[in-house]
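Here are a few friendly notes to read alongside the structure.

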Amino acid sequence: MLRHLRVTNFAILSDVAIDLGPGLNVLTGETGAGKSLIVDAVSLLRGGRASSDIPRAGTDEAVVEAMFDVPADLVAQTAAILDEAGLPEGGDEVCVRRVISRGGKSRTYINGALTTAARLAALGAHLIDLSGQHQHQSLVDPRRHRMLVDAFAGSDAAVAAMAEAYAALAEARGNLEAALGDPAARADRLDYLDFQLAEIEAANLSPGEDENLATELSRLAAADKLETAARLAESLLYSGDAAAADHIGRASRELVRVADSDPALAAIVTEIDEASALCEDAARALADYADRITGDPDRLAEVQDRLDQIARLSRKHGGTVAAVIARGEALARERAELSDSEGRAEDLRRALESARKNAEAKAAALTKIRRRAAGKLCAEAGRAIAELGMANAALAIAVEPKNQLSETGADHVEILLAANRGEAQKPLARIASGGELSRIMLALKLSLRRADDVATYVFDEVDTGIGGATADAVGRQIRAVADARQVICVTHLPQIAAFADAHFQVAKLEHKGRTETLVARLEDGDRAMELARMLGGARVTARARAHADEMLAAARAR
């Protein structure tokens with residue numbers, strides 16, 4: 001539920017803080033005092049659009065802050081939404097803050113983390129449900145009717161299964177269309193694949209071949225220099241005049257001659273002998289290398305041509321030999337699939353038929369659920385609207401087949417109304433007035449209060465065009481909704497305000513030449529005075545006060 005709301009520099013709301021409680025919270029006050037502004041601020045907590053003229057004159061930005069206590073049955077769902085959006089979780093609490101700058105730009109924070117209004121809207125849809133004049137008008141949209149029936153039925157799993165089955169059907173249909181395609185286009189594609197594959201297959205590339213060839217090319221290009229260097233090094237080490245091997249041998253002999261005088265020289269002699277052997281081995285290897293490194297102009301040209309071929313293919317197919325090989329494999333698979341398109345198409349036709357049957361079965365199951373729920377919702381809401389002064393009206397919910405299957409099933413769902421006994425039932429858009437729509441909306445909310453996954457209901461202008469006994473019935477029904485969910489209700493009717501668990505008076509005054517709105521929570525005596533004002537106007541009479549006391553007592557008794 002919405003536990004705390006603070007609105008700063010929001011039009012005439014310079015700094016308003018409200019601590020709300022469970023059950024029914026009522027806001028009353030004179031027209032123009034700022035009640036609708038509070039509702040507008042709450043709407044922003046649902047991700048609503050921010051108007052450019054919201055910030056109070058003389059200020060740069062308006063701020064709306066709220067703390068929500070999440071009901072136990074919605075904690076897991078709320079946590080999942082926050083986790084998917086990468087936002088910090090707060091357990092059973094959610095803190096929302098919106099900052100609206102002059103010009104209409106806004107910043108949105110959830111649990112202290114900056115986010116988007118779209119993500120707030122996804123979360124806000126589970127925190128607050130706002131029913132105002134615009135929301136009443138949404139009842140004329142049959143798409144909303146289907147959603148209401150599904151919510152009452154608690155058919156989330158069946159709706160999700162239908163959407164999944166339809167997605168699988170669409171995928172199967174797309175796969176078949178792609179496989180069959182245009183025969184001329186398929187032939188052109190096969191020609192293209194044959195040409196590309198012939199070039200790749202003719203090259204007969206091996207992994208790492210380009211690296212090996214590059215090394216060989218470098219060696220062939222420098223063959224003369226390599227041979228000269230190798231023979232010179234061999235001569236310096238072993239076969240030439242004053243070679244290193246000769247000097248090493250002489251050094252060994254000199255030390256052997258005097259080694260008897262100092263045994264410590266024996267180890268050094270051993271190291272010199274090892275060096276002599278290594279020198280001979282190196283000289284022998286250099287001689288062999290020099291004999292092999294003869295230049296080969298033909299091989300040099302062959303290697304260069306091969307590297308040029310590899311470079312051309314690499315530029316066309318990914319930049320490396322590995323990419324060219326992988327591209328060839330992919331093209332070969334595509335060619336095989338296209339070549340066997342008819343055989344594959346038959347498999348895809350069977351898959352499409354299976355997906356269609358599955359989707360139709362899911363749609364039929366959903367239709368059954370909706371028709372059963374529609375009957376129950378119609379009966380329950382029908383009783384409620386009868387209490388709301390529409391006793392002669394007859395409500396019906398039609399669940400009829402659509403022309404084609406969709407992700408929502410095979411049903412066209414529409415709420416119908418016969419406003420008077422004996423009249424034909426017609427769509428709401430054709431016969432219902434604004435006042436009737438508001439009462440039908442309230443009746444539906446009453447029926448959905450335990451099935452709806454929303455923590456707080458906000459009712460604004462639900463008392464449009466009603467009074468007397470009907471107003472009392474509206475109050476009782478809003479009170480019944482508040483038994484299951486927190487309700488915030490803006491009203492001009494004392495019959496509704498009398499049922500409040502918490503009653504807030506919204507008043508407008510002037511302070512230092514500026515208009516301000518104040519919100520005060522009313523207790524026993526003050527509540528009676530406010531109800532008396534609503535009953536009798538600015539001048540509260542003893543009779544109005546007595547009537548207000550009676551209304552409060554009657555509401556408590558109920």
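1. A word on terms before we start: a residue counts as buried when its relative accessible area is under 20%. Please also keep in mind that this is a predicted model.

2. With that cut-off in hand, have a look at strand β12, residues 456-460. T456, V458 and D460 point one way from β12, Y457 and F459 point the other way, and all are buried. Because 5 of the 5 residues of β12 are buried, the strand is largely enclosed by the rest of the structure.

3. Which strands pair with β12? One is strand β8 (residues 128-131), which runs parallel to β12 and is joined to it over 4 bridges; here L130 stands opposite V458. Another is strand β13 (residues 486-490), again in the parallel sense, over 5 bridges. In that pairing, Y457 has V487 of β13 as its bridge partner.

4. Zooming out, β12 belongs to an open sheet of 6 strands, ordered β8-β12-β13-β3-β14-β15, and the pairing in this sheet is mixed. The edges are taken by β8 and β15 (514-522), each with a single partner strand, so one side of each is left without a neighbour in the sheet. From one strand to the next, the twist averages 20 degrees.

5. Further along the order, strand β3 (residues 24-28) and strand β14 (residues 502-511) run parallel and are joined by 4 bridges. A pair to pick out here is N25 with A502, its bridge partner in β14. Helix α19 packs on the sheet as well, touching β3, β14 and β15, and its direction makes about 70 degrees with that of β14.

6. Helix α1 (residues 35-44) deserves a look too. It lies across β3, β8, β12, β13, β14 and β15, and runs at about 145 degrees to β12.

7. Back to α19, now for its helix partner. The axes of α19 (residues 524-536) and helix α20 (residues 542-557) come within 8 Å and cross at roughly 115 degrees, and the crossing is right-handed. On the α19 side the contact uses D524, G525, R527, A528, M529, L531, A532 and L535; on the α20 side it uses A544, R545, H547, A548, D549, M551, L552 and R556. What is the make-up of this contact, by nonpolar, polar and charged residues? The residues divide into 9 nonpolar, 2 polar and 5 charged.

Note on methods:
Residues numbered from 1 in each chain as written. Predicted model: local features only at pLDDT ≥ 70, side-chain atom pairs only at ≥ 80, totals over all residues. Heavy atoms only, no water. Axes fitted to C-alpha atoms, helices over the stretch in contact; angles between N-to-C directions. Helix = DSSP H or I, 4+ residues; strand = E, 2+ residues; numbered from the N terminus. Left-handed = near helix turned anticlockwise from the far one by under 90°. Contact = heavy atoms within 4.5 Å. Nonpolar A, V, L, I, M, F, W, Y, C, P; charged D, E, K, R; others polar. Buried < 20%, exposed > 50% of the residue type's maximum accessible area, 1.4 Å probe, protein only. Pairing = 2+ DSSP bridges.
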